[in-house]
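Student: Could you walk me through this one before I set anything up? I'd like to begin with the rings and then move on to the rest.

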Amino acid sequence: ARELDMRKNGGDIKNWEKQVKLSLDVNGVHIANYFMDFVIEHNDGSFEAVEVKGFETEVWKMKWKLAMAIYGEKYTFTIIK
């Protein structure tokens, strides 16, 4: 978060948010929610969803793949381990 604040203040990125809720819906059915650690809005208008991850559970892997499938056109997805 501190690094993102420094990047925003330095003009490297436009904005950022923490704990952004993504609704994981398939064919109109709500499956789960995913809370992305950070969403960065870049100066070019693109968005990057960033997850800081330690241990990868099977449930997390499924939600991550689902989020990428649903929101892949809106966000670039990045994992920081």
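Predicted model: local features only at pLDDT ≥ 70, side-chain atom pairs only at ≥ 80, totals over all residues.

Student: OK, which residues form the aromatic cluster?

Tutor: One cluster is formed by Tyr34, Phe47, Trp60, Trp64, Tyr71, Tyr75 and Phe77.

Student: And how many aromatic pairs does the rule give?

Tutor: The count comes to seven aromatic pairs. Take Phe47 and Tyr75, whose ring centres are 6.4 Å apart with the planes at 85°, so this pair is edge-to-face. Phe47 belongs to strand β3 (residues 47–52) and Tyr75 to strand β4 (residues 75–80), so the pair ties together parts that are 28 residues apart in sequence. Strands here are DSSP runs of E with at least two residues, helices are runs of H or I with at least four, and both are numbered from the N terminus.

Student: What about Tyr71 and Tyr75, how are their rings arranged?

Tutor: Their centres lie 6.1 Å apart and their planes meet at 55°, so that pair is tilted.

Student: Is Tyr75 buried or exposed?

Tutor: Tyr75 is buried, at a relative accessible area of 9%, and Tyr71 is buried too. Phe47, by contrast, counts as partly exposed at 28% relative accessibility. The classes are buried under 20% relative accessible area, exposed over 50% and partly exposed in between, with a 1.4 Å probe and protein chains only.

Student: Switching topic, what pattern does the chain follow along the sequence?

Tutor: Read in sequence order, the pattern is α-β-β-β-α-β, which corresponds to two helices and four strands. The C-alpha atoms fill a box of roughly 40 × 30 × 15 Å along the principal axes, and buried residues make up 33% of the 81 residues.

Student: How much of the contact count comes from residues 24 or more positions apart?

Tutor: With contact meaning heavy atoms within 4.5 Å, such residues account for 45% of the contacts that have a separation of 6 or more.

Student: Now Asn15, where is it found and what does it touch?

Tutor: Asn15 is in strand β1 (residues 13–26) and is partly exposed at 30% relative accessibility. Setting aside neighbours within four places in sequence, Asn15 is in contact with Lys8, Val39, Ile40 and Glu41. Its side chain also makes a polar contact of 3.1 Å with the side chain of Lys8; the term covers N or O atoms within 3.5 Å where, within protein, one must be able to donate a hydrogen and the other to accept it, and residues adjacent in sequence count only if both atoms are side-chain atoms.

Terms used. Residues numbered from 1 in each chain as written. Heavy atoms only, no water. Phe/Tyr/Trp six-rings, centres within 6.5 Å; stacked < 30°, edge-to-face > 60°.
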